[in-house]
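Here is a short briefing on one protein model. Keep the sequence and the 3D view open while you read.

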Amino acid sequence: MGVIFNRVVKNATQFPDKLAIVEHCGETLSYAQLLSSIEKILNFFDKVIKPRNSRVAICMQEGINLPITVIALNGLFCPIIPINPGFKPKQINNLLNSVDADVILIDQSTAHLAKELNDGVLVIDISLSIDTYINKTIEDYITSDYMNYDQFLITLSSGSTGNPKPVIYSEQNKIDRSKQAVQLFNVSQEDIILCASPFFHSLGQRLTLLPLLLGATLIQVNRFSGQNWCEAVFNNKVTFTIPVSSHLHELVDIFLNSSDRLKSLRCIVSSSAAIDFEVKKQLINFLDCDFHEMYGASEVATASNLDKKKLMLKLNSVGKPCPGVEIKIFDKNKNNSDVNQLGQIGVKSPLKFSGYYQLPELTKLAFHEGYFLTGDLGYLDEDNYLYFVDRMNDIIITGGMNIYPSDIESVILENPKVSSCIVLGINDSYLVEVPVAVLISSEDERLIESELRLILKQRLAAYQLPMKFFFKEKLPLNASGKIDKVSIRAELNALNLDLSSKLRSLMNYV
């Protein structure tokens, strides 16, 4: 039995009538009802899942069934691998192989995937558990056995054609990360906590588990929009949440025009990417509640924290190292950089991940002198405040989601009419950055673009699709003979395209 399962049982015993989960669409569960739902799914799992042995992937839509399923699997001591339900079957199969998953849970929204998944992986439709006959009660699953749960969650950092990096979290690590939120942001049992991030994202995991561990209330917004977010806060008197930075870029106007509907908010924390300078200034002026900006990575949790008291003094900063965390800046030779000298950000944290699953060499290379090498460029000032400048690697973060250019490039380059291609992220006012493809082809540009869009749509998730294709006669090279992505990115950013504007219009975001 997992510790988290045990905490939920205790919370249900202590606060049976308290709201545990509220879904934005209207469904609610008290802690007693949550326990009953967990019991029902446990009885369903009892026939098909081997406690301690089954490695269970979850490919389900966001909603009230997801936390129920996670808590039940924790009760059975099973490693849990959340998968983006927007991935294509080939992507999912690649991910299942990378973590040795032998079970995958689907629901009505992902049932169409069942016939295309790997042989040898047991596919279970979770929606069939609703009317399960109860043979065992919760008490039958409670034991005094609290073995070290080394592989509680495995978050997959990549998909499709690239090589996945499965990030391992022990149960204790996730509990300790929740304790960090309590310490940094004064989160308590009395809070009403909003989660608008998917569970396959580490932020979504944190915001889902935190309230259930504390005996607080979880509010789920399964599809973000400014209107949905604002309604959820107002209707449920939300007190605490951690939006990704792209959410905050949209919410600024709402804070200005609907501040009376957001008075319940006690604390907001920005996550996932740096906030635009002007947006940060507006947030300081508009928000009556406490506000924090944090810097971190999935592998090391929150590494630095900048609270509202210091924002005006260190507006460009992402804060000082969190308690117990050390941050160093390394130059290209991995020597310590001086104050205000740009280099790679390294983080030493007691909340670091357990490693990449079955990739010991990659795990070893990720650290230097005990510091996790983030792949981000930044510097520390004379007061030990951290400043994030840019990413060393090519990861594109769009709306808080990681996109790996190699995943897209490899599909494009399968087309023999394309001789060269790079995918990179360019600035966007809403999503922070969006992916675009720059390529060389001697064929008709419209025809090639049409072919590529069709195959990419078939092979990749929607958020991975390039927003725009650029055709060039040649790609510039840097001094080492590699494609000069820096100059290309600068050239495209100078166009000020704001490519998500059309998407926002279609979704009634503006």
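Helices (H or I, at least four residues) and strands (E, at least two) are DSSP runs, numbered from the N terminus. Helix 6, for one, is followed by asparagine 186, whose phi is positive, near 55°. The model is predicted: local features need pLDDT of at least 70, side-chain atom pairs count only at pLDDT 80 or more, and totals for chains, interfaces and linings use all residues. Residues are numbered from 1 along each chain as its sequence is written, and side-chain values use heavy atoms, with hydrogens and water left out.

- Nine strands form an open sheet in the order 2-1-10-9-11-12-13-14-15, and the pairing is mixed. Two strands pair if DSSP finds at least two bridges between them.
- Strand 2 (28–30) and strand 15 (320–321) are the edges. Each has a single partner strand, so one side of each lacks a neighbour in the sheet.
- Strand 1 (residues 19–23) runs parallel to strand 10, joined by three bridges. Valine 22 has isoleucine 219 of strand 10 as its bridge partner.
- Strand 9 (residues 192–195) also runs parallel to strand 10, with four bridges. Here leucine 194 stands opposite isoleucine 219.
- From strand 9 the chain crosses through helix 7 to strand 10, a right-handed β-α-β crossover. Right-handed means that, with the strands pointing away from the viewer, the path from the first strand over the helix to the second runs clockwise.
- In strand 10 (residues 217–220), Thr217 and Ile219 point one way, while Leu218 and Gln220 point the other way. All four are buried (under 20% relative accessible area; exposed is over 50%, partly exposed in between; 1.4 Å probe, protein chains only).
- Strand 13 (residues 290–297) and strand 14 (residues 301–307) are antiparallel, with six bridges. Alanine 297 stands opposite alanine 301 of strand 14.
- Helix 7 packs on this sheet and touches strand 1, strand 9, strand 10, strand 11 (240–241), strand 13 and strand 14. Its direction makes about 160° with that of strand 9. Axes are lines fitted to C-alpha atoms, for helices over the stretch in contact, and angles run from 0 to 180 degrees between N-to-C directions.

- A mixed open sheet has three strands in the order 24-25-26. Strand 24 (420–428) and strand 26 (468–471) are its edges, each pairing on one side only.
- Neighbouring strands of this sheet are turned by 30° against each other on average, direction ignored.
- Nine bridges pair strand 24 with strand 25 (residues 432–440) in the antiparallel sense. Glycine 425 has proline 435 of strand 25 as its bridge partner.
- Helix 15 packs on the sheet, touching strand 24, strand 25 and strand 26. Its direction makes about 50° with that of strand 24.
- Lysine 485 belongs to helix 15 (residues 485–493). Lysine 485 counts as buried because its relative accessibility is 18%.
- Leaving aside neighbours within four places in sequence, lysine 485 is in contact (heavy atoms within 4.5 Å) with Asp394, Glu409, Ile422, Val423 and Leu424.

- Helix 1 (residues 3–14) has twelve residues and reaches 16 Å from first C-alpha to last, close to the 16 Å expected at 1.5 Å a residue. The expected span is 1.5 Å times one less than the number of residues.
- Its buried residues are Ile4, Phe5, Asn6, Val8, Val9, Asn11 and Ala12. They pack against helix 2 (31–45), helix 3 (65–75), helix 5 (138–141), helix 6 (171–185) and helix 7 (202–214).
- Helix 6 has 15 residues and reaches 21 Å, close to the 21 Å expected. Among its buried residues are Glu171, Lys174, Arg177 and Phe185.

**Nonpolar cores**

- A nonpolar core is a set of buried Ala, Val, Leu, Ile, Met, Phe, Trp, Tyr and Cys residues joined through side-chain atoms within 4.5 Å.
- The largest core has 81 residues; Leu34, Ile38, Phe45 and Phe240 touch the most other members. Helix 2 gives the largest share, eight residues.
- A second, separate core has 45 residues, including Val22, Phe291, Ile440 and Ile488.

**Proline 198**

- Proline 198 lies in the loop between strand 9 and helix 7. At 19% relative accessibility, proline 198 counts as buried.
- Not counting residues up to four places away in sequence, proline 198 touches Glu62, Gly204, Gln205 and Met401.
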